[in-house]
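I opened the model and kept notes as I went. The entries follow in the order of looking.

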Amino acid sequence: MHRKARVLLGLVSLLVTVISLWSPALAEKPIIIGAPLSTAFLYGWDAERGIKLAVDEINAAGGVKVGQEKRPFQVDVIDTRDLEPGVPVSEALLAVEKLILEKKADFLIGGPVRSEAALAAIPLLSKHKKISILTTGALTPKYHEMVASNPDKFKYCFRISGEAKWMVTGEVVPCLEKIGKDFGLNRLLIMVQDVAHARAGGGLLAKIMTGKGWTVLGEPLVFPTGSGDFSMGLLEAKKQNAQVILIWMDMPESSILLKQWHDMKVPALPFGTIIAAAEQPGFWDATDGKGEYCLANVVNAGNTPCEATPWTMKFVNAYKAKYGLEPEGYGTSSSYMAVYTLKDAIERAGTLDPDKVTDALKATDLEGVYGRIRFDPKSNQVIPSTNPKEGAVGTIFQWQDKKRVVVFPESIATGKILLPPWMEKK
């Protein structure tokens with residue numbers, strides 16, 4: 001019996017050795033990615049899926065080279081609940097601190113998702129010297145402006161996704177100008193959610209489009225998070241003969257707005273700078289096609305199929321294979337790309353030391369799912385462009401015949417903008 005036990009122990013030891021030699025990354029201590037996300041909402045769960053897809057791919061390929069060893073990534077997700085109505089910012093901060101202190105996260109990727117929570121987390125990340133790559137939600141320009149205001153203190157905070165000012169000036173405004181030129185439309189009504197980035201973005205758009213000769217119909221109409229009826233705003237659009245309705249809302253109830261728009265046959269093109277419900281692949285079936293012709297900005301390429309770079313469809317197809325549907329909207333491709341960008345920086349730094357990895361991240365120059373990935377050296381904001389060879393490219397698509405068709409920028413477009421049949425072309 002004693003001899004059998006020794007033989008068995010020897011076999012187990014041999015098996016462990018073989019496994020370690022066959023997959024050395026699995027035998028090393030994992031690098032823990034903490035993901036603070038509002039997991040009950042699109043910009044939380046799609047980010048979680050994007051992160052986990054990248055981690056699975058990297059681990060399957062052997063992990064991350066840290067100096068002379070290979071180590072796997074491990075993901076710990078915590079629900080910040082910061083997209084839920086009435087949840088205080090302090091709850092999101094507690095979630096971030098739990099990831100750092102209890103889960104011993106080496107790096108953070110994802111959120112906090114709400115702008116106010118992300119801004120409040122910056123000093124906390126600085127205090128703990130914890131690198132964070134923001135990938136979803138939090139579109140406010142104040143984020144990278146705050147980092148730039150004290151780049152030494154806040155150097156650990158990066159954002160690899162788009163932000164409101166560029167979305168407005170570099171993507172939405174040029175797309176609106178194209179709509180105006182192609183269809184002769186110039187009367188704009190703006191409807192926004194009562195959150196920081198939406199209020200700021202709506203106000204900025206009103207100012208810019210007025211300066212470009214458009215008629216902006218009053219102040220942006222503001223709707224509280226969780227609103228379930230938008231008929232008064234749509235009646236106002238009809239009353240004032242609006243031709244384009246600019247929508248900036250990340251709440252799922254925005255699907256109700258589009259159903260009401262269709263049922264009321266409002267003769268104005270719905271354009272979502274951010275419109276969470278319309279971004280998702282299941283939106284057509286969920287609304288019985290009533291959201292057709294709605295435009296939506298999903299911030300970064302790859303969040304809907306196109307061929308921005310050789311990475312783009314590779315990512316789209318991998319996501320479909322793992323989750324059974326196309327990438328779901330804003331936060332998906334950027335969360336996936338953040339993991340690969342972190343891997344690249346760690347390997348160039350040769351260490352997990354936050355200061356050295358920060359320096360490596362600042363020196364990033366890599367082709368990704370949505371274009372060339374580089375960070376502004378002062379603000380740590382990903383550098384945007386409408387050309388994927390020059391920077392991070394956004395995506396505006398339109399629902400057409402059950403599909404999300406990319407219509408802007410032209411460098412990655414797969415189709416043209418269409419008007420609903422009840423709108424008379426000018």
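**Notebook: loops, rings and helix contacts**

I began with P112, which I found in the loop between β5 (107–110) and α5 (115–128). Helices (H or I, at least four residues) and strands (E, at least two) are DSSP runs, numbered from the N terminus. The model is predicted, so local features need pLDDT of at least 70 and side-chain atom pairs count only at pLDDT 80 or more, while totals for chains, interfaces and linings use all residues. Residues are numbered from 1 along each chain as its sequence is written, and side-chain values use heavy atoms, with hydrogens and water left out.

**Backbone entries**

The peptide bond from G111 to P112 is cis, with omega near 10°. I noted another cis bond between F408 and P409, with omega about -5°. P409 lies in the segment after β19 (403–408).

I then looked at phi. Most residues other than glycine have a negative phi, and most peptide bonds are trans. R81 has a positive phi, near 60°, and is not a glycine. I place R81 in the loop between β4 (73–79) and α4 (89–101). R81 counts as partly exposed at 29% relative accessibility. For this I use buried for under 20% relative accessible area, exposed for over 50% and partly exposed for in between (1.4 Å probe, protein chains only). K402 is not a glycine either, and its phi is positive at about 75°. K402 sits in the loop between β18 (396–400) and β19. At 57% relative accessibility, K402 counts as exposed.

**Aromatic entries**

How many aromatic pairs does the structure hold? I noted 13. Rings of Phe, Tyr and Trp (its six-membered ring) pair if their centres lie within 6.5 Å; planes under 30 degrees apart count as stacked, over 60 as edge-to-face and the rest as tilted.

I took Y43 and Y330 from the list. Their ring centres are 5.2 Å apart and their planes are at 65°, so the pair is edge-to-face. Y43 is in helix α3 (residues 42–60) and Y330 is in the loop between α13 (310–323) and α14 (332–349), so the pair ties together parts that are 287 residues apart in sequence. Y43 counts as buried at 2% relative accessibility. Y330 is buried too, with a relative accessible area of 0%.

Next came W311 and Y336. The ring centres are 6.4 Å apart with planes at 75°, so I wrote edge-to-face. W311 belongs to helix α13 and Y336 to helix α14, so this pair ties together parts 25 residues apart in sequence. Both W311 and Y336 are buried. I also found them in one aromatic cluster, formed by W311, F315, Y319, Y323, Y336 and Y340.

I looked for charges over rings. A charge sits over a ring if NZ of Lys or CZ of Arg is within 6 Å of the ring centre and within 35 degrees of the ring normal. The charged end of K314 sits over the ring of W311, 5.2 Å from its centre. K265 lies over the face of W422, at 4.9 Å from the ring centre.

**Helix packing entry**

At what angle do α3 and α13 pack? I read about 100°, with the axes 11 Å apart. Axes are lines fitted to C-alpha atoms, for helices over the stretch in contact, and angles run from 0 to 180 degrees between N-to-C directions. From α3 the contact (heavy atoms within 4.5 Å) uses D46, R49, G50, K52, L53, D56 and E57. From α13 it uses F315, A318, Y319, K322 and Y323.

**Single-residue entries**

I looked up M337 in helix α14. M337 is buried, with a relative accessible area of 0%. Leaving out residues up to four places away in sequence, M337 touches I160, W311, L366, E367, G368, V369, Y370 and I373.

T273 is in strand β12 (residues 269–275). T273 is also buried, at 0% relative accessible area. Beyond its neighbours within four places in sequence, T273 contacts residues including M167, V172 and W248.

Is E326 buried or partly exposed? E326 is partly exposed, with a relative accessible area of 27%. I located E326 in the loop between α13 and α14.
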